[in-house]
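Trainee: Could we go through this model together, one feature at a time? I would like to see how each conclusion is reached.

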Amino acid sequence: MEHTADAAKAHPSNRTYVLIAVVLAVLTALEVMVFYVEALRPLLVAILMVLMVAKFCLVVGFFMHLKYDSKVLSGVFGWGLLVAFLIMLALLALYGKFTGTG
Amino acid sequence: MEKPTTGIPHRKLAMWSFIGSECMLFGSLITTYLIFKGRSLVGPYPEELLNIPFITVTTFVLLMSSLTMVLALSAVQRGDRKMSRIWLFMTPFLGLIFLLGQYLEFSHFVHEGLGLSRNLFSSSFFILTGTHGAHVAGGVLWLGTLWFLSMTGRLNKENSETVEIAGLYWHFVDVVWIILFTIIYLLQ
């Protein structure tokens, strides 16, 4: 079948899952540390966003197996995520959050 | 296991579609929170009440529940009944601890005078975190049911897809909290 090549690959081992959980815990600790470090205040938003996206990708990719499953599922999820993101941008723009009037 | 021509089980595709729609729900609620942020005319204000060390602990608990969830799925897929029962118990148990933390946090806020309609922060905060908490509560009930099925021998390798579907939901709840933790608590 044409879709076979796109079908699910083998899931990671338990050892990989534990490793991912350790990385998630370390990233969370880093987030909290960054929050308390006064010198990092100017970069706070950027650093926290990068760490948040990294944690998001780890859970979705490894724990939810999106990295290993069919690309159709990535498309279904990605579409919902994209629409949600566009709704957020539109609403924030509507309320003047990007122009400083909100 | 029934599969369409795409090679993806129907229920799995349905769950991912549901998760996609949930992105829009939480996206709208998060945006509402961001729009109302800093617009409260009366206190208490978020910086006076949000307890970062406490929430960090409950966040850690929810993250670890995602680990126990994948370990449960792995055990069910291997046909390891003993470990699947242990992990299927641990996951909703950790979810309950998270909900207890949320209850304590809400109680503290109300005690400090921050009721649901006190100001714009309280309204958007309670709606957003409350909706997430309701999702966690639903997941706890779902996983508790699966644990009961495993204890009565009605959950095995052949129907591991049932655990996988519940796991997708549980991880999504975890993913939402990853975003809420940053946006509400760390980006005050």
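**A buried serine and its surroundings**

Mentor: B:S84 counts as buried, because 26 C-beta neighbours lie inside 10 Å, where buried means 20 or more other C-beta atoms within 10 Å, exposed 12 or fewer, and partly exposed in between, with C-beta atoms placed from the backbone. This is a predicted model, in which local features need pLDDT of at least 70 and side-chain atom pairs count only at pLDDT 80 or more, while totals for chains, interfaces and linings use all residues. Residues are numbered from 1 along each chain as its sequence is written, and chains are lettered from A and ligands numbered from 1 in the order in which they are written.

Trainee: In which helix does B:S84 lie, and which residues does B:S84 touch, not counting those up to four places away in sequence?

Mentor: B:S84 lies in helix α4 (residues 81-111) of chain B, helices being DSSP runs of H or I with at least four residues, numbered from the N terminus. Contact requires C-beta atoms, placed from the backbone, to lie within 7 Å. With residues up to four places away in sequence left out, B:S84 touches B:A72, B:A75, B:V76 and B:S150.

Trainee: Are α3(B) and α6(B) roughly parallel or antiparallel?

Mentor: Helix α3 (residues 52-78) and helix α6 (residues 160-186) of chain B pack with their axes 10 Å apart and at an angle of about 160 degrees; the axes are lines fitted to C-alpha atoms over the stretch in contact, and angles run from 0 to 180 degrees between N-to-C directions. Angles under 35 degrees count as roughly parallel, over 145 as roughly antiparallel, 65 to 115 as roughly perpendicular and the rest as oblique. The angle therefore makes α3(B) and α6(B) roughly antiparallel.

Trainee: Which helix of chain A gives the most to the side that touches chain B?

Mentor: In total, 40 residues of chain A are in contact with 38 residues of chain B. On the chain A side, α1 (14-36), α2 (44-63) and α3 (71-94) each supply at least two residues. With 14 residues, the helix that gives the most is α3(A).

Trainee: Is A:H65 buried or exposed?

Mentor: A:H65 is found in the loop between α2 and α3 of chain A, and its phi is positive, near 65 degrees, in a residue other than glycine. Most residues other than glycine have a negative phi. Because 21 other C-beta atoms lie within 10 Å, A:H65 is buried.

Notes
Contact = placed C-beta atoms within 7 Å.
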